Amino acid sequence: MTVLVTESGVLHRAHGTYGKLPRLSKPEPSRVLYSRTLFEGEHPLARPIAGLREHHIGYTKKGYSRALVPPAVVRLDVEEHPPFPEVPHRELIQAFIGAAPNTPQPLDTAIGAFRATLGLPTRSANVSWTPRA
């Protein structure tokens with residue numbers, strides 16, 4: 001399972017057997033992109049980043065423990081399709097997998113680097129994140 005969040009607030013997922021072309025799920029744009037009135041003041045990346053954590057915890061609980069593509073922040077030269085209509089973007093996933101470094105790091109480190117790259121506030125290093133029920 002590969003989960004990718006773009007700077008526009010869209011979550012992309014790819015899954016399948018290792019060594020074969022991945023099956024792509026339709027992109028999930030942040031709900032903030034649909035309606036500004038319902039989520040006043042919320043940043044478009046807040047929910048997709050939370051989605052990254054939920055996917056990571058969910059698949060770890062299912063027994064997926066070996067990271068083939070470790071969490072990473074990568075700048076790609078691939079232009080993202082607009083989130084409407086919701087069409088899977090194979091080139092974006094393949095570019096991410098090809099450009100991601102093999103250096104293992106925790107998910108929260110990659111999320112912090114992603115937020116810092118975009119100029120968003122980041123969590124202090126001494127505050128631990130715990131999943132909610």
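Two strands pair if DSSP finds at least two bridges between them. The views below use this rule for the strands of a predicted model.

**View 1. Strand S2 pairs with strand S4 in the antiparallel sense.** Two bridges join S2 to S4. Leu 11 stands opposite Glu 28 in S4. Glu 28 also takes part in a salt bridge with Arg 13, in which the closest N and O atoms are 3.0 Å apart. Because Arg 13 lies in S2 and Glu 28 in S4 (residues 28-29), the pair ties together parts that are 15 residues apart in sequence. Arg 13 counts as partly exposed, at 22% relative accessibility. Glu 28 is partly exposed as well, with a value of 34%.

**View 2. Strand S2 also pairs with strand S3.** S3 covers residues 23-24, and two bridges hold it to S2 in the antiparallel sense. Here His 15 stands opposite Arg 23.

**View 3. Strands S1 and S2 form a hairpin with four residues between the strands.** S1 and S2 run antiparallel and are joined by four bridges. In this hairpin, Gly 9 takes a positive phi near 95°. Thr 2 belongs to S1, and its bridge partner in S2 is Ala 14. In a regular strand, side chains alternate between the two faces of the sheet.

**View 4. Thr 2 is a buried residue of strand S1.** Its relative accessible area is 15%, which is under the 20% limit, so Thr 2 counts as buried. Leaving aside residues up to four places away in sequence, Thr 2 touches His 12, Arg 13 and Ala 14 as well as Phe 96 and Ile 97.

**View 5. Helix H2 spans residues 46-61.** The helix has 16 residues, and the distance from its first C-alpha to its last is 23 Å, close to the 22 Å expected at 1.5 Å a residue. Pro 48, Ile 49, Gly 51, Leu 52, Arg 53 and His 55 are its buried residues. What do the buried residues of H2 pack against? Their partners are strand S1 (2-5), strand S2 (10-15) and helix H4 (107-117).

**View 6. A salt bridge joins Arg 53 to Asp 108.** The N to O distance between the two side chains is 3.0 Å. Arg 53 lies in helix H2 and Asp 108 in helix H4, so that this pair links distant parts of the chain, 55 residues apart. Asp 108, at 38%, counts as partly exposed. A search of the whole structure finds two salt bridges.

**View 7. Tyr 59 and Tyr 64 form an aromatic pair.** The count comes to one aromatic pair. The ring centres of Tyr 59 and Tyr 64 are 5.3 Å apart and the planes stand at 65°, so the pair is edge-to-face. Tyr 59 is partly exposed, with a relative accessible area of 24%, whereas Tyr 64 counts as exposed at 52%. Lys 62 lies over the face of Tyr 59, at 4.6 Å from the ring centre.

Key:
Residues numbered from 1 in each chain as written. Predicted model: local features only at pLDDT ≥ 70, side-chain atom pairs only at ≥ 80, totals over all residues. Heavy atoms only, no water. Expected span 1.5 Å × (residues − 1). Buried < 20%, exposed > 50% of the residue type's maximum accessible area, 1.4 Å probe, protein only. Contact = heavy atoms within 4.5 Å. Salt bridge = Lys/Arg side-chain N within 4 Å of Asp/Glu carboxyl O. Phe/Tyr/Trp six-rings, centres within 6.5 Å; stacked < 30°, edge-to-face > 60°. Lys NZ or Arg CZ within 6 Å of the ring centre and 35° of its normal.
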